[in-house]
Amino acid sequence: LRGATRTGRFGHWPGCAWNINFPASFRSCGLYEGMGAPLRLSSDTSESCGVRSQTNPELVITTNPISLQDLSNGQAVFVPIPTAFPGSFILKSRYASCLNATDPAGNSFLRINDTTYRFDKRLRFVGNTLESPAQVGQSTQNQCPLPAKSYLNKFNCIRRAACGRPLQFRSAPVTLNSTILRSWYTDPSRRYVYSIQNLRLEAPFDVSPCSSGRSRWLRTSGACANPTSLDSTTLATLSSAISSSTDSNPLIRDISLSGVGCTPAPETIGAFVTVSGSCWQHVH
């Protein structure tokens with residue numbers, strides 16, 4: 001693999017029907033972990049990789065490295081993992097002292113009779129129940145439990161701050177029409193969102209835009225049919241504030257006034273003002 005010899009086998013390869021004399025060199029074109037798993041090899045060195053399929057050969061440790069410990073029957077109990085790839089086990093119990101260490105590559109092996117087991121550090125089992133969610137975060141090899149949300153766990157699952165990036169939101173234009181409002185109700189969250197129009201400017205909201213600080217104006221097409229009669233200074237102040245507003249909403253604009261150049265007369269409440277050919281109405 002990558003130009004380095006990883007294993008050797010001399011003599012006949014059980015199950016191999018290739019007409020090849022051993023020892024022989026092969027190029028690895030793809031493999032899956034596990035005993036008997038598919039192994040794709042090529043005997044040529046070209047990039048075309050004339051692939052032959054074979055099963056993973058049994059690997060035999062002929063020496064006794066420090067990473068290998070021999071146990072006898074009854075000194076360890078292995079339980080297969082039904083959902084994992086065949087050949088995966090959990091070491092349920094051990095009745096002998098753990099004497100082996102790891103080799104330079106981090107491998108550690110247990111051998112019982114002629115069967116050898118390698119410790120797989122990628123597997124970690126944690127308790128993760130509805131009543132007691134797993135306390136696992138970035139400190140555990142940067143891995144977090146990721147169960148799919150369902151009706152069984154949606155009321156108990158807890159998002160861990162250390163698991164994944166915090167939720168981030170960004171602004172985006174949304175057209176508030178009947179289609180959007182209905183989609184918020186029909187999606188799984190069942191949000192009740194209502195559209196309310198023509199709210200009246202009654203107490204305590206009957207405040208002049210000249211004195212309220214911030215006011216909202218609704219745009220309608222074309223010039224106002226019946227614009228509100230305002231003094232020239234107040235009309236100029238309101239018109240300038242609406243036209244120079246940085247509000248990107250094409251239908252509604254919020255403006256802020258300090259009261260200078262704007263008389264808070266009663267007629268300014270709900271006023272209609274024509275600005276650049278469009279009619280703007282002071283609304284709730």
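Q: Why is Arg200 called exposed?
A: The relative accessible area of Arg200 is 62%. Exposed means over 50%, buried means under 20%, and partly exposed lies in between (1.4 Å probe, protein chains only). Arg200 is therefore classed as exposed, 62% being over 50%. The structure is a predicted model, in which local features need pLDDT of at least 70 and side-chain atom pairs count only at pLDDT 80 or more, whereas totals for chains, interfaces and linings use all residues. Residues are numbered from 1 along each chain as its sequence is written, and side-chain values use heavy atoms, with hydrogens and water left out.

Q: How confident is the predictor in this protein?
A: The average pLDDT (the predictor's confidence in each residue, from 0 to 100) is 77, and 74% of the residues score at least 70. Over residues 9–15 the pLDDT is below 50, and this stretch has 13 contacts (heavy atoms within 4.5 Å) in the model beyond near neighbours in sequence.

Q: What makes the pair of Arg200 and Glu202 a salt bridge?
A: The N to O distance between the two side chains is 2.7 Å. A salt bridge requires a side-chain nitrogen of Lys or Arg within 4 Å of a carboxyl oxygen of Asp or Glu, so the pair qualifies. Glu202, at 43% relative accessibility, counts as partly exposed. The structure holds four salt bridges.

Q: Why does the salt bridge of Arg111 and Asp70 tie together separate parts of the sequence?
A: The closest N and O atoms of Arg111 and Asp70 are 2.6 Å apart. Arg111 belongs to strand β7 (residues 109–112) and Asp70 to strand β4 (residues 68–71), so the pair joins parts 41 residues apart in sequence. Strands (E, at least two residues) and helices (H or I, at least four) are DSSP runs, numbered from the N terminus. Arg111 has 15% relative accessibility and is therefore buried, whereas Asp70, with a relative accessible area of 43%, is partly exposed.

Q: What makes β9 and β10 a pair of strands?
A: Five bridges connect β9 and β10 in the antiparallel sense, and two strands pair if DSSP finds at least two bridges between them.

Q: What makes the link of Cys210 and Cys262 a disulfide?
A: The sulfur atoms of Cys210 and Cys262 are 1.7 Å apart. A disulfide is a pair of cysteine sulfur atoms within 2.5 Å, so the link qualifies. The torsion about the S-S bond is -50°, and the link is left-handed. Cys210 lies in the loop between α1 (178–186) and β9, and Cys262 in the loop between β10 and β11, 52 residues apart. Cys210 is buried at 3% relative accessibility, and Cys262 is buried with a relative accessible area of 6%.

Q: Why is the disulfide of Cys224 and Cys279 called right-handed?
A: The torsion about the S-S bond is about 100°, so the disulfide is right-handed. The S to S distance from Cys224 to Cys279 is 1.9 Å. Cys224 is in the loop between β9 and α2, while Cys279 is in strand β12, 55 residues apart. Cys224 is buried at 10%, as is Cys279 at 4%. The count of disulfides comes to two.

Q: Which residues have the most contacts inside the largest nonpolar core?
A: They are Trp217, Leu238, Ile242, Ile255, Leu257 and Val273, in a core of 13 residues. A nonpolar core is a set of buried Ala, Val, Leu, Ile, Met, Phe, Trp, Tyr and Cys residues joined through side-chain atoms within 4.5 Å. The elements giving two or more residues to this core are α2 (232–243) and β11 (272–275), and α2 gives the most, with three residues.
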